[in-house]
Every structure is written in structure tokens, then in C-alpha cells.
Amino acid sequence: MNKGNKIYEGKAKIIYETNDKNLVIQHFKDDATAFNNLKKAKVEGKGVLNNRISEYIFNNLGECGIKTHLIKRLNMREQLIKKAEIFPIEFIVRNIATGSLTKRLGISEGTVLSKPLLEYCYKKDELEDPLISREHIYSFGWATIKQIESIDKITLRINDLLLGIFRGIGIKLIDFKIEYGIALNKDTNEKEIVLVDEISPDTCRLWDVKTEKKLDKDRFRKDLGNVIQGYQEVARRLGIMPEETNISEVNFGKTTSIKFKKK
Ligand code: 5GP
């Protein structure tokens, strides 16, 4: 698979074309941003960890019948993925109230929601990804009723699966953001809805079950320190760290090695 020109560069990832028009390469950067790009930093090793964590989760979801864009991980920072037309919508699932939900509606921090709450945001940096209703989605043609009904079902199933994956390693899944696109299924030669982007500590809130210690991007957003250590802890518990050292990173004055199992 030959890596071609850069097609798109976002805050945390770069997409490159390949010699197959239906496939692209997703490269995970170390850049971290928050508050609509107002806060920026390089978190060394983050891209490598997110690549591995997201690969693990997408593969697990795939084994449970969720269609995703992931073909395979290529190396420490890159994945081969299906090229997809992305819906301009962020799908957010909340199990416990925190973040923008508590700010927006005055709900007490930590409230356990009686059932998962699904929210939609319009993917538009200039507008700070505003919360939207289904009616906005239909009015502006960002997706059809049929597509949203199908995506909602898949999203709630993903929540169930993720709750199980994380609970099994002593982590509470507080909330997360996912995205979808439409990609070609080469077997059926038909276009279908697939999960795209990534699922990682950048896109989820993950708290240790016992201590409620944050193991996600809130460590960066809220200046809690030890950002990379939180991500490493998630990878370690998922069983995708140690053994052979491939990269080393310096964080908070401490040098640590990131080690990965060979596949
Ligand atoms: P909140 O709306 O409370 O800020 O975020 C809810 C959940 O969605 C959190 O897990 C957060 O990490 C994720 N999320 C929401 N918007 C974005 C975004 O633009 N980028 C990333 N990486 N995650 C987001």
C-alpha cells in the first residue's frame, strides 16, 4: 500500500491518500487541543497510544458486528482505513453527567443518568461544535431520518459494548463522542454506514472505578498533570502495553518508556 498526498489535516490526525481510491491512511499526531484550539500542546506518545487503543476497540466492536472503517493498523502511528463521506455530526453518549452537560443544564456533577443520553453536535470548529436537535439534522440535510435511526441504534449498542470492555478493566465509561461516515463495502459493492475517526482517551471520559481518577483528555483540559500516564494506564489495562520499547517520551520532567507487545 503506497502512501500518497495529504488529503486533510485535523487537530489530532492527518489523512493521506493511497493508491486505492477507496482506502486512506489515518495518522495519529501527538498534538492535543482543547477549548476550540485555545489550548494547544504536544503530548509526546499520545498518537502512538491512541492508535493502539483505538485499533483495539474498533477490532473488538468489529467482532461484535459493528461496521467500522478500520482495515488494519499499519505501524505505530498509522491505520489503513476505508475512505468515507463523514456525517458532519458528533454523536455523544453520556452515562454520568459531567462536562458540558452539567454546565449547560445545571445538572449535578456525577449524576448517574437513568438511561444513556444521546446528544448530537454539529461538527463546525468556527461555531464550537454546537448542540443540535434531530430536526436540525433533517432540516439541513446532514443525514436522513433513516440514517439517524440506524446510527442511534448502533451508537447505543456501542455504548453497551464499551461499558463492558472498560468495566472489565476497572474503568467507568462516563461519556464519549463518536462519528460515522458512508463507505463502500467491497464485498457487497454497496455503500454503508460505518464507525469512523477514533475511540480513545481523547474522545472518551474514563474514570478509575475505585478512585474516580481521570484517565482521559480531561487531564490535559483541566491541567491535572500526568496526561500521558493516564493514557498509558488505559493501554496497560487493555493489555496492549509492555514488553518491547519502541518510543520514549518525556513528560512532566519524568522520562518514561512506552512499551508495546509485538503482534
Ligand atoms: P462534553 O460535551 O462534555 O465536552 O464532551 C462529552 C464527551 O464527548 C467527552 O467524552 C469528550 O471527550 C467528547 N467530545 C465532545 N466533543 C469533542 C471533540 O470535539 N473532540 C473530542 N476529541 N472529543 C469530544
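The model is predicted: local features need pLDDT of at least 70 and side-chain atom pairs pLDDT 80 or more, whereas totals for chains, interfaces and linings use all residues. Residues are numbered from 1 along each chain as its sequence is written, and side-chain values use heavy atoms, with hydrogens and water left out.

The domain assignment of the protein chain places residues 3-84 + 225-259 in domain 1 and residues 85-208 in domain 2, the bounds coming from an automatic or database domain assignment. The C-alpha centres of the two domains are 19 Å apart. To the contact (heavy atoms within 4.5 Å), domain 1 contributes 29 residues and domain 2 contributes 32 residues.

Between domain 1 and domain 2 there are 7 salt bridges, a salt bridge being a side-chain nitrogen of Lys or Arg within 4 Å of a carboxyl oxygen of Asp or Glu. Across the same interface, 17 residue pairs are in polar contact, both residues at pLDDT 80 or more. A polar contact is a pair of N or O atoms within 3.5 Å; within protein, one must be able to donate a hydrogen and the other to accept it, and residues adjacent in sequence count only if both atoms are side-chain atoms. On the side of domain 1 that touches domain 2, β3 (23-28), α1 (46-63) and α6 (227-238) each supply at least two residues, and α1 gives the most, with 9 residues. Helices (H or I, at least four residues) and strands (E, at least two) are DSSP runs, numbered from the N terminus.

The ligand has 14 residues around it, and Arg94, Ser100, Asp175, Arg205 and Arg221 come nearest; a residue is counted if one of its heavy atoms lies within 4 Å. Oxygen atoms of the ligand lie 2.8 Å from a side-chain N or O atom of Arg94, 2.9 Å from one of Arg205 and 3.2 Å from one of Glu90.

The structure holds 31 salt bridges. Lys123 and Glu179 meet through their side chains in a salt bridge (3.0 Å, N to O). Lys123 lies in the loop between β10 (112-122) and β11 (131-132) and Glu179 in strand β12 (residues 171-185), so this pair ties together parts 56 residues apart in sequence.
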